[in-house]
Amino acid sequence: MVSILFIWVFALLNMKGVEFSGRFQFWAVVTMLTCIAVLGVSAVYAFLTQDIELPAAVPPGQSLLTSVFVSLAIAPWAFIGFDTVPQMAGEVGFASRKVVGLMVTTITVSSRVADYRGSALPPAESLTDLLGPIAMVLMVVAVSAGVLTGLNGFIAASSRVLSTMGEAKMTPPAFRSLSRTSGTPVFSILVIATLCSTTPWLGRTASSWLVDMTSTGITIPYFFASIFEISLASVGPRSAEAMAPSAGLKILGMAGTLIAVLFLSLLLVPSSPGALGTQSLLALIGWAVLGGALLGLSWSRFRTTEIEALHREYTDAEPQ
């Protein structure tokens with residue numbers, strides 16, 4: 001019930017407009033980074049001033065390479081959310097050239113500490129043992145801020161995806177409708193919140209299958225985005241406002257394509273240490289079938305859509 005409550009709280013927050021959700025996002029991120037900075041400095045100081053024995057870097061009986069691949073396989077899932085920046089650019093109203101810089105600066109690095117495999121919150125318990133009870137408080141605040149900013153950002157991003165699909169005539173017209181007061185896709189937000197409200201009832205285990213599946217799901221659009229980058233950097237844009245041909249961006253697109261293929265191999269090759277489990281594969285197949293059915297039903301309308309309609313919200317915004 002707590003999960004469902006927060007889903008609808010942030011759905012309503014997003015309905016009020018990007019200004020309200022953005023204000024919460026800013027202060028939540030500031031709070032999270034402050035707590036992380038205090039914990040990080042304190043942990044380094046404790047390590048330098050106390051005789052601390054670090055645990056083994058990998059689990060017993062598992063090679064270092066296998067451990068790296070297992071962790072690497074879920075990395076695409078951790079990058080979900082950075083795509084929110086270009087999706088929200090039109091509503092915020094800043095110049096498109098700032099999008100790349102904002103995306104780079106929003107990427108943060110996280111790490112795991114010690115070996116507390118039997119605990120409910122290993123990082124918090126390990127830092128509490130190292131720094132005292134205040135560490136638990138700071139960790140809970142930081143984690144809560146991280147979870148809530150993710151929830152807020154995911155609702156914003158997914159609702160804009162549905163809205164863009166509505167513009168492309170892949171979904172019913174209601175999805176592309178915008179609120180007259182806030183300019184937000186209210187119907188899309190309501191659909192997202194309703195669907196998300198069913199997931200807590202699946203339980204932790206079933207939810208983890210879906211999370212593992214999304215690592216593959218997000219890698220596929222990264223692959224296509226890299227392919228499109230190569231095309232744009234090679235032949236140039238259709239619009240005079242887009243980027244000019246660039247050898248550097250072409251190389252970047254090629255690198256992104258190769259990395260995407262690497263991640264897909266880690267997730268889908270059965271012999272890979274990070275291969276998806278049976279349940280996650282079944283969920284992925286079911287999701288792909290649903291996507292294929294949607295594309296098939298909407299193809300006759302989608303193929304006649306003018307490309308300008310797909311980025312109308314960006315071109316209408318005045319750069320600031």
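Why does Phe-47 count as partly exposed? In this predicted model, Phe-47 counts as partly exposed because its relative accessibility is 41%, and the class lies between the cut-offs of 20% for buried and 50% for exposed. The residue belongs to helix α2, which covers residues 18-49.

Helix α2 consists of 32 residues. From its first C-alpha to its last, α2 reaches 46 Å, which is close to the expected 46 Å at 1.5 Å a residue. The buried residues of α2 include Ser-21, Ala-28, Met-32 and Cys-35, as well as Leu-39, Ala-43 and Ala-46. Among the elements that cover these buried residues are α1 (2-15), α7 (122-131) and α8 (133-167).

The mean pLDDT is 78, and a value of 70 or more is reached by 78% of the residues. Helix α9 (residues 186-196) has the highest confidence, at a mean of 92, whereas helix α13 (residues 312-315) has the lowest, at 44. Two stretches with pLDDT below 50 are described here. Residues 108-114 form one of them, and this stretch has five contacts in the model beyond near neighbours in sequence. Residues 312-320 form the other, with 20 contacts in the model, again beyond near neighbours in sequence.

Terms used:
Residues numbered from 1 in each chain as written. Predicted model: local features only at pLDDT ≥ 70, side-chain atom pairs only at ≥ 80, totals over all residues. Heavy atoms only, no water. Helix = DSSP H or I, 4+ residues; strand = E, 2+ residues; numbered from the N terminus. Buried < 20%, exposed > 50% of the residue type's maximum accessible area, 1.4 Å probe, protein only. pLDDT = per-residue confidence, 0-100. Contact = heavy atoms within 4.5 Å. Expected span 1.5 Å × (residues − 1).
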